[in-house]
Amino acid sequence: MRGLWGRARQRRKPLVVLMAVVGIAGAVLATRDSGGGHLAANQAQLRKACDGTLPYGDLERLVRDERPGKLRQHGTMLAPGQESRSLLDCSLSWGDGYGVTVHAEALVSDVPQAVETRNLLEPAGGHGTFVAPGTTGQYGKRGAWLVTDCLGGLGGRVRPTTDLYVTARVTDGTGGAEEADEADDAGEATAGNGKPDRATALLGFRTAVQVANVLTKAQRCGSGPLAMPKTVVDTDETHGAPGRALRKCEWIDGSSLPGIASGSWTTLGDLQESTALSACSGEWDAQKNAGKRPRPEEWQVTEVEAASWSGVLGRSAYDSYEREGHVPGWGAQEGESPSEAGSEAGSEADSEADAGRGVRQEDRVSSYAGRPQLALWAQSVCGGRTTYHRVAVFPEIRLEDGETAVIGGKDRARLSTTARTVLDRYLDAEDGWPVSADCRDTKVLGEVEQWH
């Protein structure tokens with residue numbers, strides 16, 4: 001009996017082996033039928049795609065095996081001499097919501113992003129976004145965007161320029177395949193249903209910085225590479241109010257800044273830590289001052305703003321305000337000139353004498369004016385680049401809908417004095433951006449009444 005069982009087991013062994021081979025072969029065929037086996041080719045494609053500008057180490061984990069990568073790319077970096085607005089426009093996707101899209105262009109006009117003071121302090125309409133400290137840019141509709149200099153000049157455009165603009169958007173499957181397919185069809189990254197998570201935003205910034213560094217090296221820009229971001233900051237105030245009480249904004253102080261309401265003030269600053277722009281704001285804090293300070297009187301300043309933009313960002317910001325009619329001299333009546341136009345920035349002691357020049361004796365402010373404010377513009381050279389500065393003071397106005405307030409000559413003159421004081425204090429603040437940027441040769445350009 002033992003021998004019979006032994007022979008039976010021996011006869012079964014070939015059958016088991018045959019079944020195992022058939023099973024493995026079926027699994028291989030099934031894998032091929034499902035579209036697998038493309039990982040190695042897709043990884044190789046990632047290394048070379050987009051003229052070799054993509055950060056392989058950061059993006060490798062996104063590469064899929066199920067289908068071949070889908071690559072679309074063009075631009076003057078890939079084909080010198082071709083007519084294109086882009087140095088590089090490239091999209092690589094692996095399906096199921098995994099992919100990367102980058103765009104780089106030499107700017108000959110304004111930055112295609114909103115960079116007014118409120119856009120820096122309250123990005124995305126106050127809903128918050130991500131910034132990477134040390135990188136000039138934000139996370140926007142097309143992913144992470146940045147601006148950097150190319151002092152040696154960028155090729156590929158008819159008009160010479162030294163400003164490089166880069167965007168990068170990475171999708172990691174969390175948005176679903178539909179979103180990525182729509183982006184592929186459009187040839188660019190499109191906005192999803194909200195901002196990404198922190199890791200995806202960081203990946204976008206790291207990709208944008210890598211692309212910028214490769215391009216500026218290839219273009220022989222003559223400047224060092226941008227620092228690779230290691231973290232991003234969520235600007236949404238619900239996540240700990242990271243922009244509150246920054247050192248660069250400490251000059252906004254109700255106890256030491258003449259002309260503004262006394263008491264406790266809350267400050268807010270942008271978080272980009274950029275060498276090309278900066279913004280601060282301060283507001284009289286009703287909650288902290290409750291029971292300690294009386295409510296500010298009408299026309300007393302209860303909020304201030306200050307911002308600076310260098311190079312192409314300065315031109316972009318000024319143009320943006322100009323389109324709204326909010327720059328000195330815009331719409332001025334014949335024989336009327338902006339207050340203080342072309343004057344040298346001086347000390348706070350000069351402000352009182354300067355305030356009365358060119359100021360009307362009476363004006364009206366409508367309740368429909370939005371956020372009534374008096375702005376003052378100046379221009380400097382900061383770090384070798386033309387730089388615009390803009391400060392604004394916001395008076396306390398109590399109006400019901402449909403009502404109109406009248407501002408008399410004395411109150412109007414006091415607002416001018418305060419605006420000039422705020423500008424001087426901002427430019428001279430030891431920990432402020434203008435001092436750190438070595439701003440000099442400042443000219444005051446004039447005032448803008450934003451209440452009509």
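Which side chains meet in a salt bridge at 3.6 Å, N to O? They are those of E305 and R390. A salt bridge here is a side-chain nitrogen of Lys or Arg within 4 Å of a carboxyl oxygen of Asp or Glu.

## Basis

This is a predicted model: local features need pLDDT of at least 70, side-chain atom pairs count only at pLDDT 80 or more, and totals for chains, interfaces and linings use all residues. Residues are numbered from 1 along each chain as its sequence is written, and side-chain values use heavy atoms, leaving out hydrogens and water.

## Salt bridges

The whole structure holds 20 salt bridges. The E305–R390 pair joins strand β11 to strand β15, so parts 85 residues apart in sequence are tied together. Helices (H or I, at least four residues) and strands (E, at least two) are DSSP runs, numbered from the N terminus. R390 is buried, at 1% relative accessible area. E305 is buried too, at 2%. Buried means under 20% relative accessible area, exposed over 50%, partly exposed in between (1.4 Å probe, protein chains only).

E305 also forms a salt bridge with R371, with the closest N and O atoms 3.7 Å apart. R371 sits in the loop between β13 (362-366) and β14, so this pair ties together parts 66 residues apart in sequence. R371 is partly exposed, at 35%. A network of salt bridges links R118, E122, E303, E305, R371 and R390.

Elsewhere, R206 pairs with D58 at 3.2 Å between the closest N and O atoms. R206 is in helix α6 (residues 198-218) and D58 in helix α3 (residues 56-59), 148 residues apart. R206 is partly exposed, at 22%.

## Aromatic pairs

The search finds 9 aromatic pairs. Rings of Phe, Tyr and Trp (its six-membered ring) pair if their centres lie within 6.5 Å; planes under 30 degrees apart count as stacked, over 60 as edge-to-face and the rest as tilted. W309 and W377 are stacked, because their centres are 6.1 Å apart and their planes lie at 25°. W309 is in strand β11 (residues 301-310) and W377 in strand β14 (residues 373-382), 68 residues apart. W309 has 0% relative accessibility, and W377 is buried at 0%.

W377 also pairs edge-to-face with Y388, with centres 6.2 Å apart and planes at 80°. Y388 is in strand β15 (residues 385-395). Both W377 and Y388 are buried. One aromatic cluster comprises W309, Y318, Y321, W377 and Y388.

## Charges over rings

A charge sits over a ring if NZ of Lys or CZ of Arg is within 6 Å of the ring centre and within 35 degrees of the ring normal. The charged end of R47 sits over the ring of Y56, 3.8 Å from its centre. For R64 over Y98, the distance is 3.9 Å.
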